[in-house]
Amino acid sequence: MIRAMSPSAPVLKPVSARFDAVDALRGLAMVWMTVFHFCFDLSHLGLWPQDFRADPFWTWQRTGIVSLFLFCAGLGQAIALHQGQGWPRFWRRWGQVAACALLVTAGSAVMFPRSFIYFGVLHGMAAMLVIARCTAGWGRWLWLAGLVAVALPPLAQHLLSGAWAELAPWFNSRALNWLGLVSRKPFTEDYVPVLPWLGVLWWGLASGQWLLARHTSWLQWRLPTAGRLLAGLGRWSLSYYMLHQPVMIGLLSTFVWLRG
């Protein structure tokens, strides 16, 4: 027997449906990242020299882009668990992320042999997704865990630059610097260690759980045309991430070559 819904009852999406608002937020991160990488490529090819390693204008943008990506990843995990995603499906998606991380390492080793990417955003995300999946049951404690994760790296930097200086070479080595507890950042084109970034993903997970429990309608906003376009981009975030830089580098390199 099918019961008629009360006119005042909220209409929820099917358990397998996507939430356009989350996809649009991820799509916004993709657009921002594309602009950032285009400017980086211009600088790398000598067309518009910029200091992407030290200029706050660029370093803060990078922080914002990575934060938005990982926050969306946390939201996505909350939604996946809410919709009953099992471990087999999780591992299939995780395998795609991990495989793409290895491709990024290989590609960057060709372009930047001295500063290739060995623990960038995809490497970090692969590690953090497993941790998030295993800790999703922490509920409200995720907020505090996120705060601790964000606070640990500056504390470690203070200690490793002072009282614990003899331990700094160990934590700064490639074997351990993926943790993020370092006295200095390594020389690499992209560095997204587990800490503090796990804290941002935990906050995204906690936010998603809170929204799904109390304000599901906020995730079901009817988006304008621009928002729907962003949502479409956000649904293909991994594929776009892997393709956009080779395409831009190839086009810009061709432009430089044609100019002689």
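I started at Tyr118 and found the charged end of Arg174 over its ring, 4.4 Å from the ring centre. I noted that this is a predicted model.

I then checked how exposed Tyr118 is. Its relative accessible area is 15%. Buried means under 20%, so Tyr118 counts as buried.

Next I turned to ring pairs. How many aromatic pairs does the structure hold? I found 15. I looked up the pair of Phe36 and Phe52. Their arrangement is edge-to-face, with 90° between the planes and 5.4 Å centre to centre. This pair links distant parts of the chain, 16 residues apart. Phe36 lies in helix α1, and Phe52 lies in the loop between α1 and α2. I checked burial too: both Phe36 and Phe52 are buried.

I went back to Tyr118 for its own ring pair. Phe116 and Tyr118 are edge-to-face, at 6.1 Å centre to centre and 65° between the planes.

I also traced a cluster linked by ring pairs. Its members are Phe36, Phe40, Trp48, Phe52, Phe57, Trp58 and Phe112.

My last entry is on Leu238. I placed this residue in helix α9, residues 237-258. Is Leu238 buried or exposed? Its relative accessibility is 12%, so I put it down as buried. Which residues does Leu238 contact, leaving aside neighbours within four places in sequence? I listed Arg93, Gln96, Val97, Cys100 and Leu122. I also took the C-alpha separation of Leu238 and Leu144, which is 29 Å. Those two residues are 94 residues apart along the chain.

Key. Residues are numbered from 1 along each chain as its sequence is written. This is a predicted model: local features need pLDDT of at least 70, side-chain atom pairs count only at pLDDT 80 or more; totals for chains, interfaces and linings use all residues. Side-chain values use heavy atoms; hydrogens and water are left out. Helices (H or I, at least four residues) and strands (E, at least two) are DSSP runs, numbered from the N terminus. Buried means under 20% relative accessible area, exposed over 50%, partly exposed in between (1.4 Å probe, protein chains only). Contact means heavy atoms within 4.5 Å. Rings of Phe, Tyr and Trp (its six-membered ring) pair if their centres lie within 6.5 Å; planes under 30 degrees apart count as stacked, over 60 as edge-to-face and the rest as tilted. A charge sits over a ring if NZ of Lys or CZ of Arg is within 6 Å of the ring centre and within 35 degrees of the ring normal.
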